[in-house]
Amino acid sequence: MVTLAEVAQHAGVSASTVSYVLSGKRSISTTTRQRVEESIRQLGYHPNAGARALASSRSNIVALMIPLRTDMYVPVMMEIAIAVATTARTHGYDVLLLTGEEGPDAVRRVTGSGLAEAMIVMDVELDDERLPLLRATGQPSVLIGLPADTSGLTCVDLDFRATGALCVEHLASLGHRDIAVIGEAPAVYERHTGFAERTLEGLRARARELGLRLLHRPCEGGYDAMALTLSRIFDERPGTTGFVVQNEAAVEPLLALLRQQGRAVPEDVSVVAVCPEQVAAQASVRLTSVAVPAQEMGRHAVEQLVAKLGGRASDEVVLLPPELTVRASTGPAPGWTGP
């Protein structure tokens, strides 16, 4: 491993000059700085992270709390995580990934040890038990998600309430009056996870305003669970012609079961999904959908965090507006002739 002393010898300067070039604590002439930087490049020198952190009181590490639960769609979570990591690198930060379901203990561990100088928190619940600690520590942090109380917090999220409303509006515009919502796994609602609860709020509120009947049924996903859920929906509401799906694992089982029952999409029933663009575009019936902008959410979160670290931002809530893309899975309700 190349040492700082070897860099100094190669550049023909003192070790302290190399240190000042690296830390930026003193003004160094352009010629000397360029010579030192060229020696660093040629020799492949990498400063010791621990020593650098001690000297500067900065680790240049951002912690990302992303509990990987079995009831969540992991590909979306990882897409956000990749966007966080790549954006962080462009700003000179590395990412420490925390995937366990540790809750407040993980916050205490990171803030107490100095492992990271800032934190991004995902899988946010409406009354998330991590939030009091985040507010108390004063360490810069950003949530990807929206709790019930956003005071003293910086949050980035898709506007899931508006997303739910947009799905209902689209189906209503096609004459659908009975709509069933196939939601996430029951545990997601039991935890009062923000994105799921807010989508449901938007769906219900807009359905009431438009005079529609709305039925919500959580679903574990997978063929067997979807079969039970669909049977229950048609038993309770046999006139259902519109479906909103917020559960990526349920998409293909739903489409397969509708085909088996002789219900054509979109001639007999219409389906709108809240899901990644790739899931919607590659489904067996190309789905009308509101995309989950995972990369944009991750990028915005890092940019907000970097601004906070630089003292250039205050606490705020950034809600990304939903966009609905119409594809082959939605059409007029049976017998509907328009307004």
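The model is predicted, so local features require pLDDT of at least 70 and side-chain atom pairs count only at pLDDT 80 or more, whereas totals for chains, interfaces and linings use all residues. Residues are numbered from 1 along each chain as its sequence is written, and side-chain values use heavy atoms, with hydrogens and water left out.

Helices (DSSP runs of H or I, at least four residues) and strands (runs of E, at least two) are numbered from the N terminus. Two packed helices are described by the angle between their axes and the distance between the axes. Axes here are lines fitted to C-alpha atoms, for helices over the stretch in contact, and angles run from 0 to 180 degrees between N-to-C directions.

Consider helix 1 (residues 4–11) and helix 3 first. Their axes come within 9 Å and cross at roughly 120 degrees. Helix 1 is therefore oblique to helix 3; angles under 35 degrees count as roughly parallel, over 145 as roughly antiparallel, 65 to 115 as roughly perpendicular, and the rest as oblique. The crossing of these two helices is right-handed, a term used if the near helix is turned clockwise from the far one by less than a right angle, with left-handed used if anticlockwise. In the contact (heavy atoms within 4.5 Å), Glu-6, Val-7, His-10 and Ala-11 of helix 1 meet Arg-35, Val-36, Ser-39, Ile-40, Gln-42 and Leu-43 of helix 3. These residues divide into five nonpolar, three polar and two charged, where Ala, Val, Leu, Ile, Met, Phe, Trp, Tyr, Cys and Pro count as nonpolar, Asp, Glu, Lys and Arg as charged, and the others, Gly among them, as polar.

Ser-39 lies in helix 3 (residues 30–43) and is buried, with a relative accessible area of 3%; buried means under 20% relative accessible area, exposed over 50%, and partly exposed in between, with a 1.4 Å probe and protein chains only. Not counting residues up to four places away in sequence, Ser-39 touches Val-7, His-10 and Ala-11. The side chains of Ser-39 and His-10 make a polar contact at 2.8 Å, that is, a pair of N or O atoms within 3.5 Å of which, within protein, one must be able to donate a hydrogen and the other to accept it, with residues adjacent in sequence counting only if both atoms are side-chain atoms.

Helix 5 contributes residues including Val-76, Ile-80 and Val-84, and helix 14 contributes residues including Met-297, Arg-299 and Val-302. The contact divides into eight nonpolar, three polar and three charged residues.

Helix 12 (residues 251–260) is mostly covered, with seven of its ten residues buried. The buried residues of helix 12 pack against strand 6 (178–183), helix 11 (223–236), strand 8 (242–245), strand 9 (270–275) and helix 13 (277–281). The axes of helix 11 and helix 12 come within 9 Å and cross at roughly 55 degrees, which means that helix 11 is oblique to helix 12. The residues of this contact divide into nine nonpolar, one polar and no charged.

Beyond helix 12, the chain has several backbone features. Helix 12 is followed by Gly-262, whose phi is positive, near 75 degrees. The loop between helix 12 and strand 9 holds Pro-266, and the peptide bond from Val-265 to Pro-266 is cis, with omega near 15 degrees. In strand 9 itself lies Ser-270, which is buried at 0% relative accessibility. Among the residues that Ser-270 touches are Leu-171, His-176 and Phe-243.

Most residues other than glycine have a negative phi, and most peptide bonds are trans. Asp-123, although not a glycine, has a positive phi of about 55 degrees. Asp-123 sits in the loop between strand 3 (118–121) and helix 7 (131–137) and is buried, with a relative accessible area of 6%. His-192 also has a positive phi of about 55 degrees; this residue is found in the loop between helix 9 (186–190) and helix 10 (194–210), and His-192 is partly exposed, with a relative accessible area of 42%.
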